[in-house]
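Subject: Structure handover and notes

Dear colleague,

Please read them with the coordinates open beside you.

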Amino acid sequence: MNEKQLKKMVMGNTLSSNLLLTVKILFGLSAQVLIIYLISKLVTNAITPRESYPIFIAILLCFVLKAIISYFGAKMTHDRAYSKLTELRLNILDRLNKLNLGFFKEHSTGELTNIIESDVEKVEVYLAHGLPEIMSATLIPLLIFIIMLFIDWRLAIIMLVGLPFMFLTQFLSKKTMEKTMQKYFYHENKMRAEMMEYTKNIAVLKAFSKEEEISDKTLNSAREYVYWIKQSMSGITIPMGLIDVFMEIGVVFVMILGSLLLYYGEMSITKFILSIVLSAMFIAGISKTATLHHFSIVFNEAVKRIGKVMNVPVDDNKSEAALSTGDIEFHNLNFEYNEDGFSLNNINLLMKENSLNAFVGASGCGKSTIANLIMGFWDASSGSITIAGKDISKYSQASLSSMIASVSQDVILFNISIFENIALGKAGASRDEVIAAAKKARCHDFISSLPNGYDTTVGEMGVKLSGGEKQRISIARMILKNAPILILDEAMAAVDSENERLIGEAIDDLRKDKTVITIAHHLNTIRNSDQIIVMKKGSVVGTGTHSELTKNCKLYADMVKAQNKVDAWDLRKEV
Ligand SMILES: Nc1ncnc2c1ncn2[C@@H]1O[C@H](COP(=O)(O)OP(=O)(O)OP(=O)(O)O)[C@@H](O)[C@H]1O
Ligand SMILES: [Mg+2]
């Protein structure tokens with residue numbers, strides 16, 4: 001969906017509400033013209049009170065009809081705007097669902113919340129208020145001009161004298177106005193997103209005494225925001241002032257020419273008063289169009305940002321069919337996050353079905369990136385990953401997810417009970433199944449010892465768990481899912497050696513009928529893997545079993561040596 005289509009979808013069909021608005025404006029204007037007409041007649045004694053009754057009734061009728069139509073019109077535009085708002089939010093959420101998971105690593109929660117909350121709100125304001133106002137601000141001056149032509153065509157023409165200058169100012173200021181507004185929106189969103197991230201991460205910031213540094217940064221963006229508000233306001237108010245001046249010229253000319261015509265008896269006093277009041281109304285209407293330009297800019301900017309989500313190409317042709325389990329293969333795979341960033345280079349791998357595979361390598365060499373690619377977070381730049389010979393990029397996230405269960409480096413537990421946290425692994429899981437999974441993940445004992453057992457709430461609002469405990473709960477969730485492929489990214493990073501042994505045993509159980517991919521820093525835990533994959537700076541430098549690699553791969557041999565030294569040192573320290 002491009003920006004044009006998106007706008008079209010957002011605006012929808014405005015014909016019926018525009019029609020109502022036009023009728024409302026016609027009634028409103030007729031009432032006003034009748035009032036002015038009546039006053040000017042009464043002032044010049046050209047009408048008796050009795051003669052004026054029908055006019056009174058007509059005015060009243062116009063007002064009543066206008067009120068009724070106004071009610072239905074407002075109801076209609078608001079109903080439409082709010083249903084559009086909901087539809088748009090649902091569309092955005094639907095699109096977010098379809099996007100590659102990698103998208104969420106690149107866009108902060110703050111940014112996305114902003115789009116769903118405030119930008120969609122801006123669209124609503126435009127649809128419910130902006131559009132009708134723009135419409136009435138264009139229609140009223142046009143109607144007044146037509147009426148003026150009937151009153152006196154010379155006055156009608158002279159009324160427009162300031163118009164070319166006004167349009168010129170508008171034209172000249174349009175670019176700068178749009179630019180400043182864009183900057184203003186950029187800073188507004190930046191400030192909102194930063195504030196959100198700041199409050200979200202305040203605990204970590206405090207722990208590292210970074211709050212001053214970061215709050216300075218957040219404050220700075222707030223200051224920038226205020227600066228740009230001031231800037232954009234002067235960018236708007238100066239041209240607005242000029243536009244007003246050029247418009248007022250019109251009334252002055254109508255007055256001058258009108259009084260001349262009146263003096264030479266070419267015009268009645270009624271028409272004279274009528275034209276002065278009407279030209280003032282004309283100006284009020286026209287200058288409003290300029291103000292309302294601001295509405296459209298706000299709308300366009302909001303649509304642009306909504307487009308950041310809606311216009312990301314998603315491959316709708318991805319198959320929902322179930323993938324079958326089998327060997328996982330990398331074929332000449334290349335991948336980069338962005339130009340001149342980290343890249344994976346020409347990766348060729350074979351991970352046999354129901355085997356245990358371990359990735360090792362220095363921090364930042366690309367182990368998690370490989371795991372995330374298998375999970376479909378991103379698509380390869382070139383080459384492919386296949387499972388049982390099927391290219392995974394052709395399958396939807398849902399089909400892929402059903403094949404893979406994972407424990408990632410950042411464990412995510414929700415503010416719900418331990419039972420529910422584990423049960424997320426499988427829809428409708430029974431208590432027994434959850435307990436069985438917990439036993440396999442070696443976390444049943446510690447859960448049972450909690451006061452509320454499996455019903456203990458975890459997370460921000462509940463009991464605080466240790467890193468290792470959280471890790472084991474997420475392993476239980478992974479086990480419960482019972483997917484044929486398991487990915488454990490540093491699953492043992494936060495457990496003590498006793499638990500490490502227990503989880504190691506659990507993994508050994510699993511490897512019998514599952515393809516397991518682990519990423520570990522501690523080499524002892526992966527020693528008995530079927531295949532160890534050694535990585536360095538985005539490339540695979542060796543594959544094989546522990547004994548093969550100690551002979552053939554210098555990097556691995558060095559790593560083992562270093563690990564042994566560390567372990568020996570640990571032991572000595574403990575004795
Ligand atoms: N979303 C991203 N956008 C851009 N670069 C990224 C992104 N995620 C990771 N990187 C970069 O890619 C490189 C590899 O990261 P990766 O997480 O795969 O390393 P790793 O081998 O898992 O390291 P560790 O052992 O510390 O977990 C790093 O240099 C990292 O900065
Ligand atoms: Mg990692």
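Around ligand 1 there are 13 residues, of which the closest are Tyr337, Phe342, Ser363, Ser368 and Thr369; a residue is taken as near a molecule if its C-beta atom, placed from the backbone, lies within 6 Å of it. This is a predicted model, in which local features need pLDDT of at least 70 and side-chain atom pairs count only at pLDDT 80 or more, whereas totals for chains, interfaces and linings use all residues. Residues are numbered from 1 along each chain as its sequence is written, while chains are lettered from A and ligands numbered from 1 in the order in which they are written.

The shell around ligand 1 divides into 3 nonpolar, 8 polar and 2 charged residues, where Ala, Val, Leu, Ile, Met, Phe, Trp, Tyr, Cys and Pro count as nonpolar, Asp, Glu, Lys and Arg as charged, and the others, Gly among them, as polar. Helix α11 (residues 367-374) contributes the most to this shell, with 3 residues; helices (H or I, at least four residues) and strands (E, at least two) are DSSP runs, numbered from the N terminus.

The domain assignment, which is automatic or from a database, gives domain 1 (3-193 + 229-310) and domain 2 (328-568), and their C-alpha centres lie 59 Å apart.

Strand β8 (residues 515-519) has 5 of its 5 residues buried, so it is largely enclosed by the rest of the structure; buried means that 20 or more other C-beta atoms lie within 10 Å of the residue's own, all placed from the backbone. Thr515, Ile517 and Ile519 point one way from β8, and Val516 and Thr518 point the other way. β8 pairs in the parallel sense with strand β3 (residues 356-361) over 4 bridges, and Leu356 stands opposite Val516 there; two strands pair if DSSP finds at least two bridges between them. Strand β7 (residues 485-489) is also parallel to β8, over 5 bridges, with Ile487 and Ile517 as bridge partners.

Separately, an open sheet of 4 strands has the order β2-β1-β4-β5, with antiparallel pairing. Its edges are β2 (343-351) and β5 (390-391), each with a single partner strand, so one side of each is left without a neighbour in the sheet. Within the sheet, strand β1 (residues 328-336) and strand β4 (residues 382-387) run antiparallel and are joined by 5 bridges, and Glu329 stands opposite Thr386 in β4.

Best regards

Key
A residue is buried if 20 or more other C-beta atoms lie within 10 Å of its own, exposed if 12 or fewer, and partly exposed in between; C-beta atoms are placed from the backbone.
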